[in-house]
Amino acid sequence: MRPVVLLPAICLLATGASVSHAQMQRRGLCEPPAVTPPGFAFYFTRAVYSDYARWGRPSWATDCPEADQHFVFGLKRLTNIDAFGLQHMVSLEDSALRNYPFLYAVEVGRMALTDTEAEGLRNYLLAGGFLVVDDFWGTREWANFAGEMERVLPEYPIVELPMDHPLLDTFYQIDTVLQVPNVRQGRWGGRTWEQDGYVPHLRGILDGEGRLLVLISWNSDLGDAWEWADDPYYPILYSNYAYRLGVNLVLYGMTH
Amino acid sequence: MAERLFELLFKYRPLVFIRGDLVFASPVPLGVVLGAGVVALALAAIAYHRRHATLRGRDRAVLLTLRVGVIALLVFCLSAPALRLSTVVPQQNVLGILVDDSRSMRVADQDGETRGTVAARAFAPDGAVMRALAERFRVRVFRFSESLERADSVGGLDFSGRRTDLAAALAAARRELSTVPLAGLVVVSDGADNAGGTLAEPLLALAADRIPVHTVGIGDERLDPDVELTRASVPRSVLQGAAVVAELSVRATGFGGRTVPLIVEDEGRIVSQTEIRLPDGGEPAIVRAHFVTSDPGPRRLRFSIPVQDGELLAENNTTEALLVVERRVERMLYFEGEPRFEVKFLRRAVADDDRLEVVTLLRTAEDKFLRLGVEDSTELQAGFPRTREELFRYRGLILGSVEASFFTHDQLQMLADFVSVRGGGLLALGGRHAFGAGGWTETPLADVLPVVVEPVATSDTGRFFAEVKVEPVPTSLEHPVLQLRSTPEASAARWDSLPALSLVNPVREAKPGASVLLTGTGPGGPYIVLAAQRYGRGRAIALTPQDSWIWQMHADIPLEDQTHETFWRQLLRYLVSDVPQPLTASLSADRVEPGQALTITAEVADSGYVRLNGAVVHATIVDPAGASQDVPLRWTVRRDGEYQATWTPSMPGIHEVRIAASQGNQPLGEWTTYVEAGDVGAEYFGAGLQEGTLRRVAEETGGRYYTPATLRTLPEDVSFTESGATVVEYRDLWDMPILLLLLVGLLSTEWSLRRRWGLA
């Protein structure tokens, strides 16, 4: 290999390593805070679910707690929601799940629900809960997630949300669905997709009366955009979009 | 008995003394008789003083007193006391006998005989009473029920009148007999007046003419044994599909403690059957029947209790009421000051109720609003309404977690006027900006709310939070809002099993006129959870928890459970029930007899609910045959915006009454209601003897009250009258047996004392 080719490659690796290092540095422990006071109107609740065994932190904990804290901080600044400012997570098996009608789940491409979790999520959604799914990519992860949803809500299909859906103008007017890249790709400014997830989608599962039970943000990573919104190298375009969509999702979930 | 004893001692009956004036008819001047008496007293005193000086002073005083009594009696007798009475000239006066000819006289509570039979026998033409009356008077017999008519005799009555109008009968008799010398009237009745007329006017007129009205009460005050559904109270109109609680007054004698079914029929279809326990002793008790309305339009509801063995009256076990089931959509505004899940779940709870429309205005950020359920793009475009016209379009207003300082002073006053002037329903929800925490303490709305809005101490910077177990107040368990299940017992069980809610507003005190429906027990409690009160023309409700949605989402709530939906639908329906429109109207009764006059009253206001006196108001009445009749309503002058007309239905059946108002070319509104003409069976309710009414008639006109047992003195009593052609008659009193007894008694006592003390 010629030195003129090697040098950029080394720089690239170094940059990637430094980003990875930075990511590791920012990642705090995804644990509940010492005290979660009751009485807030809104808790940004992260779904704790089982996944296929792998190393490191579980899928549900991706970007936690920074993404949660950053998003809630923005949410409180942009709206007048009385929201709890720290991370909050509940297992799908926990009956307390029903006390939090808004639920956020990430990396569902590796979701592997137990029967109890599937039943808990089903009851949650049919009782009136609203699930937002984020940060999973490509056909393989989609197939896994769709299979899990088939277990949870077999009677309702997953559909593409039209651009005139009320969710897209609940607070901000959103005219296009952007693909939000992860932090690494966002900083580099290169491709925005992962695996074969080239096109972002907003899909949903609606009940028999047309009520949106699950909002699926596929081939996009809102969580990273929230978490890295304060990073000068992460494009503001994506953070801006992620916050706008996130605020709309929360408000839609609290009103519809 | 007492009267007979009185007559034995005093020679005449008490009435003679009441009617007569005491006079002294001595041929010698009264002064001479009194002077002689004084001299005799003086001589007696001197004699006792001289001849019986050895007696103790007390003994002498006793003897002297006895002697004084004797002399006083003699002086009284020598004065020729007499009663001066005004009595009728025989055959020169007319006596009117008014006999109740209504159906209540068919009640067989007189030892197996009907009241009518007893009346007919007591006033039989050849009976003692009528013969004695005929000797003194020219007797004219009348029958009365709805109206007064001449009758040949009491025996000829069939007692079939469907209503008793005593006031009208007395007034008509006075008119009818105004051209003849009238000695008095005799009313023979059970006194069960059910026409609703006021007696004061005819009684005053009769008293002014000095025409005594004697009353003869026939019947028992309490029917025993009997069960009576006295009164059914249902809302005038309800929304289709609404849960209705009918209140019924039940009176029973002789069946105390027995459990019987209370059946509700809607146009012949049984819609509810409830087991009730009968009260005893004839005292009324309130029972409630619960049912859900189905078909729209005027509904004839029939409430009944099966006839029990041996009941005196079967017809009063059934009563009817007219209920208008409306198909209109109740539009209300829900203004929420901050995003919270209550918005989602409240809207979801009533989404399937096509009678309720909740327009939501949610403040999502400062000066940014989300509108949901608006009619068009202009509705609430500028945020919360700024004019009365804009706000008063809604029939209900739900106020969420929003601070008082959000509103201008005019808007705050407008909120209060929404309830008091417009007559709308206001529901205040708990939240971090509600009640005291929202600075509502000294606002006009604080007066409207059914709870005391306590200020939050400025030093109190912490968030108040309490989880409370919600419990219905026992006395409110049958309130329509709290009917979570088909029976009160099942509802109570459901309330008991509901999960706790959270409060961020510590509301502990209700206003004096408010009804507390739900309370919450928890740390620092109890708290008020749900309270309601009327305020002005409208209604205000406070629901203090911030998360009623827990009753939908909680893990203990089964997915198919409808508690949350039922609660909210009933609460919102109750909130807007009876909310007036710019034009509202009412009828004096919803069920009348054909020929019975009905008053139509309309209240007219403009879109800002300012009452109008210059409107053109008329009613179009469509009878059961489809023919319509126009009746104009006129301003009453008594109250701003109030118009009235009187109309009398002529045929049986349900009549539609459509009222329209306009001013110039501007229509102000329309109102449709219904009235049923038919046999309302009024005679079977409250059919016991109304002795108080009959006594009042007699006492206020100078007459007397009789029963069949005391009737024998009636002919003579009636003779003592100042009305008609009369003569003055004197009746001696000096020969009253009581005087002789007193004289003998005094002399005997004196003689025996004198013997005891050795003076004789």
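Predicted model: local features only at pLDDT ≥ 70, side-chain atom pairs only at ≥ 80, totals over all residues.

Now the helix. Eight of the 10 residues of α9(B) are buried, so the rest of the structure largely encloses this helix. The buried ones are Phe341(B), Glu342(B), Val343(B), Lys344(B), Phe345(B), Leu346(B), Ala349(B) and Val350(B).

What covers the buried residues of α9(B)? The cover includes elements from both chains. From chain A there is α7, residues 236-255. From chain B there are β16 (330-336), β17, β20 (425-429), α14 and α15 (563-576).

That brings us to the contact between the chains. In total, 25 residues of chain B are in contact with 23 residues of chain A. Which elements of chain B supply at least two residues each to the side that touches chain A? They are α9 (341-350), β17 (356-365), β18 (368-372) and α14 (550-553). The largest share, five residues, comes from α9(B). So much for the elements; by class, this side of chain B has 13 nonpolar, eight charged and four polar residues.

How confident is the predictor? For the complex, the ipTM is 0.91 and the pTM is 0.74. Chain B has a mean pLDDT of 90, with 99% of its residues at 70 or more.

Next, chain A on its own. Chain A contains seven helices and seven strands. Along the sequence, the pattern runs α-β-α-β-β-α-β-α-β-α-β-β-α-α. Of the 256 residues in chain A, 47% are buried. Among contacts in chain A with a separation of 6 or more, 77% are between residues 24 or more positions apart.

Back to chain B and its domains. The domain assignment gives domain 1 as 2-87 + 730-756 and domain 2 as 90-221 + 688-724. Domain 3 covers 226-326, domain 4 covers 330-576, and domain 5 covers 583-679. How far apart are the C-alpha centres of domain 2 and domain 4 of chain B? They lie 59 Å apart.

I will finish with two sheets in chain B. As background, strands of a sheet pair through backbone hydrogen bonds, either parallel or antiparallel.

One sheet is open and has three strands in the order β1-β2-β35, with antiparallel pairing. Its edge strands, β1 (21-24) and β35 (726-732), each pair on one side only. Neighbouring strands here are turned by 40° against each other on average, direction ignored. Strand β2(B), residues 81-88, pairs with β35(B) over seven bridges. As an example from this sheet, Arg84(B) stands opposite Tyr730(B) in β35(B).

The other sheet is also open, with five strands in the order β9-β15-β14-β11-β12 and mixed pairing. At its edges are β9 (237-239) and β12 (269-277), each pairing on one side only. From one strand to the next, the twist averages 30°. Inside this sheet, β14(B), residues 297-304, and β15(B), residues 318-326, are antiparallel and share eight bridges. Which residue is the bridge partner of Phe303(B) in β15(B)? That partner is Thr319(B).

How values were computed. Residues numbered from 1 in each chain as written. Chains lettered and ligands numbered in written order. Domains from an automatic or database assignment. pLDDT = per-residue confidence, 0-100. Contact = placed C-beta atoms within 7 Å. Helix = DSSP H or I, 4+ residues; strand = E, 2+ residues; numbered from the N terminus. Nonpolar A, V, L, I, M, F, W, Y, C, P; charged D, E, K, R; others polar. Pairing = 2+ DSSP bridges. Axes fitted to C-alpha atoms, helices over the stretch in contact; angles between N-to-C directions. Buried ≥ 20, exposed ≤ 12 C-beta atoms within 10 Å, placed from the backbone.
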